[in-house]
Amino acid sequence: SMTPRVFIGMATVEYMLSDCAFSFTQVVKHTSASIDTLFANGRSNSLANSLMGFVRTARAVNASHIMLMEHDHTWPEDTVLRLLAHDKPIVGATYAGRTPPHRIFGVELDMTPIDISRPEVREVMRLPLGAILIRTDVFNGWEEPLFADPWQPERGFFGTCDYAFCNRARQSGASIWLDPQLSLELTHIANVQVQLDGAQVALETKVG
């Protein structure tokens with residue numbers, strides 16, 4: 001097979017969290033030490049726009065693979081190399097949602113939720129796009145838009161482009177694989193709401 005050339009796309013809305021930025025730097029450094037690596041920040045108010053831009057860029061620079069990452073995660077430094085080693089059209093990790101009840105994203109082939117306790121790398125129906133490696137040729141023959149947020153009439157709002165992409169990829173003949181071990185090693189950085197507590201504020205006057 002050809003020597004891999006990986007284009008790493010970091011999808012950000014407005015900013016990247018500092019833990020994420022440091023982790024991303026480690027991933028890029030580690031990956032580029034052994035394979036040809038390019039990367040870009042796809043800053044857009046739309047995830048679908050960022051992802052489409054990544055595919056266009058990956059094609060323009062003849063990248064064999066596109067690694068999609070998002071601005072609110074951390075990853076092991078060898079994430080890209082581990083996913084490459086599986087040699088699959090699409091392979092990635094899953095993670096929990098940032099807000100309670102922190103459901104695990106993704107769907108098994110039998111349409112049940114992802115069972116993260118099963119350790120084997122396996123084909124699945126759907127994965128989120130926060131840590132996923134896609135062979136660039138998966139997009140061959142696709143018409144734009146390559147990514148789009150689908151309207152979900154039963155819920156009354158737009159879904160995310162993650163599952164819509166997975167459905168389309170599978171319809172085009174590409175299989176999607178889950179790395180459960182990697183899934184246990186990355187994080188999804190949550191936002192918590194902080195409210196002032198009068199008793200705690202009063203304690204400050206007693207310090208020093």
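Author: Two strands pair if DSSP finds at least two bridges between them. Helices (H or I, at least four residues) and strands (E, at least two) are DSSP runs, numbered from the N terminus. This is a predicted model, in which local features need pLDDT of at least 70, side-chain atom pairs count only at pLDDT 80 or more, and totals for chains, interfaces and linings use all residues. Residues are numbered from 1 along each chain as its sequence is written, and side-chain values use heavy atoms, with hydrogens and water left out.

Reader: In what sense do strand 3 and strand 8 pair?

Author: Strand 3 (residues 65–70) and strand 8 (residues 131–135) are antiparallel, with five bridges. His65 lies opposite Arg135 of strand 8.

Reader: In what order do the eight strands form the open sheet?

Author: The order is 2-1-3-8-5-11-7-6, with mixed pairing. Strand 2 (36–43) and strand 6 (107–108) are at the edges; each has a single partner strand, so one side of each lacks a neighbour in the sheet.

Reader: How do I read a nonpolar core?

Author: In soluble globular proteins, nonpolar side chains tend to be buried together. A nonpolar core is a set of buried (under 20% relative accessible area, 1.4 Å probe, protein chains only) Ala, Val, Leu, Ile, Met, Phe, Trp, Tyr and Cys residues joined through side-chain atoms within 4.5 Å. The largest core here has 30 residues, of which Ile90, Phe139, Phe147 and Phe165 touch the most other members. Helix 2 gives the largest share of this core, six residues.

Terms used: Buried means under 20% relative accessible area, exposed over 50%, partly exposed in between (1.4 Å probe, protein chains only).
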